Amino acid sequence: MEIQQDLRSHIRFYFDGELRTLNSVRASDMVMRWLRSEAMRTGTKEGCNEGDCGACTCIVGHLNEFGVIQFRLINTCIYPLSYLDGGWLISVETLSRSGSLASVQSEMLPLNLSQCGFCTPGFVMTIFYAQISQQDQTPEEALAGNLCRCTGYGGLIEAAQRAQNLPIDSAFAAEIQKVEQVLADLSVGGFSITTGDSRIDAPRALQQLLDLRDHFPSATIVSGATDFGLWVTKKLDKPAHIILTKFCKELVSMNPGPDGIEVGASVSIEDFGKVLLSEYFELREWFKRFGGPQVRCSGTVGGNIANGSPIGDSSPVLIALGASLKLRSRRAERIIPIEDFFIEYGKQDLHPDEVLVSVLVPRRKNIKRLVVEKISKRYDQDISIVLAAMAEFSGGSSRYRFAFGGMAGTPALARKTMESLNPDDLASDFSPLSDHRADAWYRLAVSKNLVDDFLSGSSFHE
Ligand SMILES: Cc1cc2nc3c(=O)[nH]c(=O)nc-3n(C[C@H](O)[C@H](O)[C@H](O)COP(=O)(O)OP(=O)(O)OC[C@H]3O[C@@H](n4cnc5c(N)ncnc54)[C@H](O)[C@@H]3O)c2cc1C
Ligand code: FES
Ligand code: FES
């Protein structure tokens, strides 16, 4: 089969007043390595190198469909360099390029919010993002993806609060206008780069993605890379061939319909969460505890499902809501209930030539109550011990759907308990494992309590 050959063999992006063209990008290259070792911008720090601490935080902007730059907060340690294509990279040095500090930096100075200073550039970027994105969030929510190991958080929270009320600096506003014009002339995606034994393909359309998947079944599909990045930085994998999905138009679109919302698999958790919230207000707590802002801005709904993790936070919610998945190959398209996608631990119903294209989320309509409870050791940016999603439907025969993460090798329905409405039946539905997060007995006990509370109408997050 022929794969389209007239593709660029480089990426281009805007950084500190210049257009950068990079030819020899490898599948394992992350933005942080490039910034610190090639661009020599060492303000960005390496802390954990696994997306947890936020020391490496930067901002990336791409034009949206209206030609306006949409900014994203990213952990550069696990953000593939190739994803900068067609975008604007903003590092901590960018903020004071004109010779004077950005207003958020001036506000931070007298607050005594830094000791060793290692985390500070990451906090500066997150606080700057809070200023330019002006989201409806508490300062604690804005900072949930950044860790400081030596200073108290009082000053940092104060700085984030102030930033949310500061207007965007006029110099930065002017730069946005200039860069929007620069980016308008750049293509976004549509490249194929081979560097030594590494290859990156970045299709712009679903058909090209399916052709590539068909032709290279052993290549790794990479969406937000918040799992993939760790395979590179922690397992030290050297991926030979990756296929990026986020430049693929069909995978980043959302189509609201009367019965449901079709959400492209590469829509970020941030955008997906906001759409879900507009239909299911009960998910606010769930959304803000899903990773931190950096993870939500990069990670995608498709990656969260396709990784098959038993402790992924979106699958139990989508199972409880009765969502379906659209899977496509060059041969065919299939739509399956999401719960059928998870066969057993590490095994999903995804053929080697298929990709997950979208998630079909039902409209609220006959869902009377929805309660989602995440049990984890830390409140912010932690992986679930158990995630329970419980929905009550009006009318019809199956009035309840209870879905759990962390109770089995896959996210799954508690079928017997849904029928009997007896929380003790969870012991028949699941035989959870003990691991470093929690013992099996704890998982069962906490799940029973959650079902009990739901049925008695006394859930914490009603
Ligand atoms: C610090 C940190 C905090 C986290 N917190 C949470 C959390 O609170 N809750 C949670 O659930 N997860 C969390 N995660 C895990 C991760 O961020 C999510 O699972 C995320 O949604 C994965 O999506 P991605 O797009 O980044 O996946 P990727 O890393 O791009 O891909 C993950 C897997 O899915 C496959 N894949 C991706 N897209 C497709 C597709 N369209 N078709 C077929 N296969 C595909 C890839 O090949 C890969 O095997 C966290 C991760 C980090 C690093
Ligand atoms: S170095 Fe810790 S998140 Fe990147
Ligand atoms: S000031 Fe030392 S880690 Fe934050």
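An oxygen atom of ligand 1 sits 2.6 Å from a polar backbone atom of isoleucine 221. This is a predicted model, in which local features need pLDDT of at least 70 and side-chain atom pairs count only at pLDDT 80 or more, while totals for chains, interfaces and linings use all residues. Residues are numbered from 1 along each chain as its sequence is written, chains are lettered from A and ligands numbered from 1 in the order in which they are written, and side-chain values use heavy atoms, with hydrogens and water left out.

Stay with the ligand. Ligand 1 is surrounded by 34 residues (each with a heavy atom within 4 Å of it). Ile221, Gly224, Thr226, Thr300 and Asp313 are the closest. Asparagine 304 also takes part: an N or O atom of its side chain is 2.8 Å from a ligand oxygen. At leucine 356, a polar backbone atom lies 2.9 Å from a nitrogen atom of ligand 1.

Now the domains. An automatic or database assignment sets their bounds. Domain 1 covers 11–93 + 174–244, domain 2 covers 103–168 and domain 3 covers 253–455. The centres of domain 1 and domain 3, taken over C-alpha atoms, are 28 Å apart.

How many residues of domain 1 and domain 3 are in contact? Domain 1 contributes 23 and domain 3 contributes 22, with contact meaning heavy atoms within 4.5 Å. The two domains bury about 1800 Å² between them, 54% of it on carbon and sulfur atoms. Buried area here is the accessible area (1.4 Å probe) that two parts lose on being put together, summed over both. Arg72, Leu73 and Leu210 supply 29% of what domain 1 buries against domain 3, more than any other three residues.

Charge also crosses this interface. The rule finds 3 salt bridges there (a side-chain nitrogen of Lys or Arg within 4 Å of a carboxyl oxygen of Asp or Glu). Strand E4 (69–75) and helix H7 (206–215) each give at least two residues to the side of domain 1 that touches domain 3. Helices (H or I, at least four residues) and strands (E, at least two) are DSSP runs, numbered from the N terminus. H7 provides the largest share of that side, 7 residues.

The structure as a whole holds 36 salt bridges. One of them joins aspartate 16 and arginine 41 at 3.0 Å, N to O. Aspartate 16 is in the loop between strand E1 (11–15) and strand E2 (18–22), and arginine 41 is in the loop between helix H1 (31–38) and strand E3 (57–63), so the pair ties together parts 25 residues apart in sequence.

Terms used
A polar contact is a pair of N or O atoms within 3.5 Å; within protein, one must be able to donate a hydrogen and the other to accept it, and residues adjacent in sequence count only if both atoms are side-chain atoms.
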